[in-house]
Amino acid sequence: MQRAVSKKCLKTNEAEEEGEEEHLNSGLLHCAHLVLPWLTSLELASISLSCKSLNATSKSITLRRILDASRSLEKIPIPFHNPIDDRPYAFFLYTPTAIIPNCHFKRQYWGSISNTQSGHIESESMNLVDDWVGGVFGCDCENCGEFESQCPCSSVDGLEDVASECGPRCSCGLECDNRVTQRGISVRLKIMRDEKKGWGLYADELIQEGAFVCEYAGELLTTGEARRRQKIYDARAKGGRFASSLLVVREHLPSGNACLRMNIDATWIGNVARFINHSCDGGNLVTRLNGNGRHWVIN
């Protein structure tokens, strides 16, 4: 009788221990799904070696990161594809538009099962349109595309190579024909790895000539800060495994006495434009300075 009672107690204790272990595992996985999407690729790879549960969670996060480099910040997912080696994706912080540097922003939520956390970068934006168009602080057009020649926001006097779009002080909404770049990426793209060039941006559909592809997004720097960073990047590049994405744009003003200069650094924070490989002959893409930043269009 005592043996029977002892066996029953033993089974009860084992069941309780299994229940507690299952509860702990459930809590661990719940925390992992909340914390792991904040990790870098190296941190995620390291923690995946700790136990089977975290390994499985890390793999699922990696698969979701491969499916969309934009963290759902663009209307259309932009996947990674690597037929060359075992690197699943390139890690960087994503912003769909140019931003002012924010020293507090060092991590971004990416690869979660749910989209309860936003990957949007909270940073002050910079309005470039109204500063360029002298005396113009917004149009009263309902749809500027119908009267493009009359809309004061459609061009910048003396700067034929510079495009200008309607800004926040204009009466028209986001559906205005003169806000094409502000609606974000609307063509299908993919990021593929090439054996010689590394990661590169490819069209994933037929894109019409002259169509807007994407803005060159990143941190808007002062000239002094751009030069400081370039020295750091040049030193790191000597090792042969580092390439920066610091873009400098110069546009001479009509007076001829000044030059409009923009420094956009997408090395750590940027969008898919950072994967557009450079070409000596210009390739099939041309760049155009726009009132809201630096944009790429099909030539």
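A residue is called buried when its relative accessible area is under 20%, exposed when over 50%, and partly exposed in between, with a 1.4 Å probe and protein chains only. The structure is a predicted model, in which local features need pLDDT of at least 70 and side-chain atom pairs count only at pLDDT 80 or more, whereas totals for chains, interfaces and linings use all residues. Residues are numbered from 1 along each chain as its sequence is written, and side-chain values use heavy atoms, with hydrogens and water left out.

Of the 299 residues, 39% count as buried. The chain exposes about 18200 Å², of which carbon and sulfur atoms supply 51%; accessible areas come from the Shrake-Rupley method with a 1.4 Å probe, and for residues only the protein chains shown count as cover. Among contacts (heavy atoms within 4.5 Å) with a separation of 6 or more, 62% involve residues 24 or more positions apart.

A nonpolar core is a set of buried Ala, Val, Leu, Ile, Met, Phe, Trp, Tyr and Cys residues joined through side-chain atoms within 4.5 Å. The largest such core has 36 residues, and Phe80, Leu189, Ile191 and Val272 have the most contacts inside it. At least two residues of this core come from each of α3 (52-67), β4 (189-194), β5 (198-203), β6 (212-216), β8 (246-252) and β9 (259-265). Beyond its neighbours within four places in sequence, Leu189 is in contact with residues including Pro77, Ile78, Leu201, Val213 and Val272. A second, separate core of 9 residues includes Cys141, Cys151, Cys153 and Cys172.

Strands of a sheet pair through backbone hydrogen bonds, either parallel or antiparallel. Two strands are taken to pair if DSSP finds at least two bridges between them. An open sheet of 3 strands has the order β1-β4-β5, with mixed pairing. Its edge strands, β1 (80-81) and β5, each pair on one side only. The pairing of β4 with β5 is antiparallel and extends over 6 bridges; Lys190 has Tyr202 in β5 as its bridge partner.

In the loop between β3 (162-163) and β4 lies Asn178. This residue is buried, with a relative accessible area of 14%. Apart from residues up to four places away in sequence, Asn178 touches Cys144, Cys153, Ser154, Ser164, Glu165 and Cys166.

Side chains of opposite charge can pair when their charged atoms come close. With a salt bridge defined as a side-chain nitrogen of Lys or Arg within 4 Å of a carboxyl oxygen of Asp or Glu, the count comes to 7. In one of them, the closest N and O atoms of Glu43 and Arg107 are 2.8 Å apart. Glu43 lies in helix α2 (residues 41-47) and Arg107 in the loop between β2 (93-94) and α4 (129-132), so the pair ties together parts that are 64 residues apart in sequence. Glu43 is partly exposed at 30% relative accessible area, and Arg107 is partly exposed at 37%.

A salt bridge also joins the side chains of Asp85 and Arg193 (3.0 Å, N to O). Because Asp85 lies in the loop between β1 and β2 and Arg193 in strand β4, the pair ties together parts that are 108 residues apart in sequence. Asp85 counts as partly exposed at 31% relative accessibility, whereas Arg193 is buried at 14%.

Note on methods: Helix = DSSP H or I, 4+ residues; strand = E, 2+ residues; numbered from the N terminus.
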